[in-house]
Amino acid sequence: MSVGNKGVVANLGYPRIGEHCQWKEVLEQFWAGHISQSELHRTMRALRLQHINKQAAAGVGIIPVGDFSLYDHVLDHSIAFGLIPERYSSLRGADSLHLYYAMAKGTEHSAACETASWFDTNYHYVVPEWVKGFTPQLCRNHWLEHIQEAPAPLRAALRPVMIGPYSFTKLIKGLPGGQFESVLRSFIPVYAELLDQLSTSGIEWVQIDEPALSQNMNRVDYELLQDIYGALGSSTRGIKLMLQTYFGAASEPARLFQLPVDGIGLDFVHDQGVHGKAIAELGFPQDKVLGVGIVDGSNIWRTDLSVAWAVLDGLIRTVPAERLLLQPSCSLLHVPVTLRNESKLPHLVRLSLAFADEKLAELAVLSRGLREGRRSIALDMSDNALTLQALAESPSRNRIASGLEDASQHIGIGSIPSRLFEEQQHAQEMTGQYFGRLARAADGQEALDSGSLLEWLGRQLDGYLFTANGWTQRTGASCVKQPIIYGDIVRIAPTDTLETNTPPALTSTLFKGMLTGPLTMLRGAFTRTDIPQHETAIQLAIAIHSIVKQFDSYGSMRADEPKPRGVTSIKLGNWDTYLHWGAEAFLQDSSDKRDSKLSHKKLQQHGFAAEVRVI
């Protein structure tokens, strides 16, 4: 690992699903019994090595290993540490892969482990479950296995990445009250053994992810972390620890900087300036490397290179460039692999996007700038600025500010709105197809899924689009194409579309209309970063309101909101503010309904007392 050179690029994680979703296809073939376990491992090994070689070719100097998984990286940790729920005890000692997928998917006799959102993302991890009397032990070291299979010339660039003991313990469901600290301390010998094995194999650095440090922390928490990492440092032989935080500003940076580790990685994209201000005021320890999360790892917009350069320029006044690592704000697991296969997107939108491969290219540009000076990347900076300016000034991003809320008022050759007629035609075709599928479903001929509903609804909206191949992993082998909110949201479907393709015209079956709610649509999309999220939520609500008014004549309506809690990374101090604008969007498409048949909205998860109170 080439720490100590200017402009070293360090990646924190890479999408495991492959450019063409090969990962998903192979898993499903194995579960269906079409390929053997040895064929599964052989294919997955080839995909892992392909990802390593791809990152090396992109100029990544520090390549993560251990981020690849056969289902979920949190489940990998549970298996590695022997945290196996009692209901799977009969599978212990048998085929390890059978146990692994039993926990992930369940069996005929045992329910699967729960899943939950991975912090502020749409990715869902397999929740570790506490087992009474559990003592952690190192049952498997897949990090070392993946290093040993890599070509020898590349091994020096590999950095194992694992979830830190603090965050992993926080994820465990069912911990006995008051036993968090004792359980956390019980993991120290296992982590020490794991680090020692990696050190013996020649690994110099290990990335330890502690995303929980971006949640609400206090002095007691940091005193505990001081003990934990002090114990790890004293019990390992010369291995260096890179403590990585992400998903916003870390709580109490001054205490974080004092932890006994060799490097600290911070999110400089979503921290609202907190980390840069803390370093300017407090300085940064001279014995530590600083990982600068300068490219957004959780959204798909092109980085504003001038803003990124300004952040770097401010940091090198305090921290020498040789002690800076350039990296994404979090693992690139949360974005699609590449734009290379997206030929049908509006031209300006495509120019304004950056998926995983394009984000690595952006880091390479910034790396060259640090090594050779800003002049060496002047053309890149100019091209970047022109593209982002064109996007900011595009009619699709200024429709509401200009008072033109009807998409049909916009005409432009070569611009995003020039696609309006095509989008209207597509929306109309999809409506006919969707209601036809409803009729067949009513007759028991076809099953409908929520993805079909969401895509149909999205096609009725301008400013909201779908990619052709922009897949991301949601949970296990379930992959989704997250829509992109690129402009102001207005409804574009012609008004006669629903009237000529109504459920009553297609079937006599009684229907209850169901639309996805605005907060859930916002949560499930890659969102704009140029306006506050609450503005987009209100735009979505108003557009959905237009559709509801037409549907309303067919019978009762329901707007489902399964994810009102997850729209943004909410710390407790911001919760009331979020609740109020969330409730405003949630209720927007119920306004002006005194004579309406709209019957109800549904929160599709438990524990929403605060939301109900505000609503």
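Trainee: In strand 10, which residue is the bridge partner of Gly293?

Mentor: Gln327 is the bridge partner of Gly293. First, the ground rules. This is a predicted model, where local features need pLDDT of at least 70, side-chain atom pairs count only at pLDDT 80 or more, and totals for chains, interfaces and linings use all residues. Residues are numbered from 1 along each chain as its sequence is written, and side-chain values use heavy atoms, with hydrogens and water left out.

Strands (E, at least two residues) and helices (H or I, at least four) are DSSP runs, numbered from the N terminus. Two strands pair if DSSP finds at least two bridges between them. Such pairing goes through backbone hydrogen bonds, either parallel or antiparallel.

Look at strand 9, residues 289–295. Seven of its seven residues are buried. Buried means under 20% relative accessible area; exposed means over 50%, and partly exposed lies in between (1.4 Å probe, protein chains only). Five bridges join strand 9 to strand 10 (residues 324–328), and the two run parallel. Five bridges also join strand 9 to strand 8 (residues 263–267), again in parallel. There, Ile264 has Leu290 as its bridge partner.

Next, the connections. From strand 8 the chain passes through helix 12 (residues 274–282) to strand 9, a right-handed β-α-β crossover. Right-handed means that, with the strands pointing away from the viewer, the path from the first strand over the helix to the second runs clockwise. Strand 9, helix 13 (residues 305–315) and strand 10 also form a right-handed β-α-β unit.

Further along the sheet, strand 6 (residues 205–209) and strand 7 (residues 240–244) run parallel, joined by five bridges. Ile208 stands opposite Leu243 in strand 7.

Finally, go to the loop between strand 1 and helix 1 (22–31), where Asn11 lies. Asn11 has a relative accessible area of 0%, so it counts as buried. Its side chain makes a polar contact of 2.8 Å with that of Gln55. A polar contact is a pair of N or O atoms within 3.5 Å; within protein, one must be able to donate a hydrogen and the other to accept it, and residues adjacent in sequence count only if both atoms are side-chain atoms. Beyond four places in sequence, Asn11 touches residues including Gln55, Pro64, Gln207 and Pro328. Contact means heavy atoms within 4.5 Å.
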